[in-house]
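Thanks for coming. I have one model to go through today, so please look at the screen.

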Amino acid sequence: MDLLLATASSTPAPAGGGGFDLIGTILWPLKWVVELVLVAWHALFTAIGLPAADGITWVLSIVGLVIIVRAALIPLFVRQIKSQRKMMEIAPELRKVQEKYKGKKDQLSREAMSRETMALYKKHGTNPVASCLPLLVQMPIFFALFSVLNDVTRQAQAGIGGVGLLTAELTQEFYDAKLFGVASLHETLIDAFNTGNTTAIVILLVLVVLMIVSQFFTQLQIISKNLSPEAKTGQAYQMQKIMLYVLPFAFVFSGVFFPLGVVIYWFVSNLWTMGQQFLVIREMPTPGSEAAKAREERLARKGKAIDVSGKVVPMEKYLAEQKRLYEEAEHAKAATPKRQQPVGKQRAKKQAQKQPGSTPGDNGTSSA
């Protein structure tokens, strides 16, 4: 309790000992939480017998951090899926708005197009930003972890702890911990090259490659199986295809600056995303996509189908529902009065002459 009170009353200190560290101040609460989760998992693993200063103990603590963060983000992920579904539903209406103002580049037209687009989003209760929420929330946590690991060397050499529960003793243990006895969790590829640590270079290279491949495959899952044909014709799809290759390419260069612990966090997080997306794409695919067709085929082999409300029902019930809907549509079609086409004067005169009791000169009226 004393430790909690001491850390809670502490304030974020500037990294360089002078001046105002804006980024450090913003990340301080998140770094406190990251340290809390890491220390809690570390205490659990040491309680069951794992060595306190061993690399695998701290690696498992980082995996535990991934589990906590991603589990907390599940509600946002569900909201993301719903938002993506609604964006798919309003895609035809969005295209109509775009076509309406196509070629108009004046300020008034742009403002009108923006208003109509936002009104459409508001009407259907969606927003393009909602599909990015999990990533937007994760990034500050990612940077906080990066900052915690990046500060370990300086803090261990100074004999001090982190901003929260990562005490000076735990910081030293973290600093001394090595994965497989060779690669420090705060070590980057550049550090490994500078020290000539060949084994650490190999471990970091393999993990960076796995991180990039898992990131690529995660994006590929979405655009290859879970998009409808209509979605594959829009500009957003082209942007997704570009990002499919741009993001992994960016990680090729940025990955050399990531500490080993951050690379492990990102890779494990990607594995979580891949598994989560696999389940969503398999069980809740986008209507009209290849994944939706595959699911319908699997259900059909089991004698089941999806009704109009999206529920899985027996095939007999589905066929009865389809028959009822067809009959209702036919009945509504028959009950709708046929629209009479406009008839010209000459044609109307000829039709009147053909009617019984009419004479050529009376325009269709009977003679007395």
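Before the helix pair, a convention: axes are lines fitted to C-alpha atoms, for helices over the stretch in contact, and angles run from 0 to 180 degrees between N-to-C directions. Helices are DSSP runs of H or I with at least four residues, strands are E runs of at least two, and both are numbered from the N terminus. This is a predicted model, in which local features need pLDDT of at least 70 and side-chain atom pairs need 80 or more, while totals for chains, interfaces and linings use all residues. Residues are numbered from 1 along each chain as its sequence is written, and side-chain values use heavy atoms, with hydrogens and water left out.

The protein has 15 helices and 4 strands. Of its 368 residues, 35% are buried, that is, under 20% relative accessible area with a 1.4 Å probe, protein chains only.

Now the pair. Helix 5, residues 91–100, packs against helix 6, residues 107–124, at about 170°, with the axes 10 Å apart. That makes the two roughly antiparallel, a label for angles over 145 degrees. On the helix 5 side, Glu93, Leu94, Val97, Gln98 and Lys100 meet residues of helix 6 that include Met113, Leu120 and His124; contact means heavy atoms within 4.5 Å.

Last, Arg295, in helix 13, residues 290–301. Which side chain of opposite charge is nearest to Arg295? That is Glu283, 4.3 Å away, and buried Arg295 has no salt bridge; a salt bridge takes a side-chain nitrogen of Lys or Arg within 4 Å of a carboxyl oxygen of Asp or Glu. Leaving aside residues up to four places away in sequence, Arg295 touches Arg282, Glu283, Pro285, Ile306 and Val312.

Key: Buried means under 20% relative accessible area, exposed over 50%, partly exposed in between (1.4 Å probe, protein chains only). Lys and Arg count as positive and Asp and Glu as negative; His and the chain ends are not counted. Angles under 35 degrees count as roughly parallel, over 145 as roughly antiparallel, 65 to 115 as roughly perpendicular and the rest as oblique.
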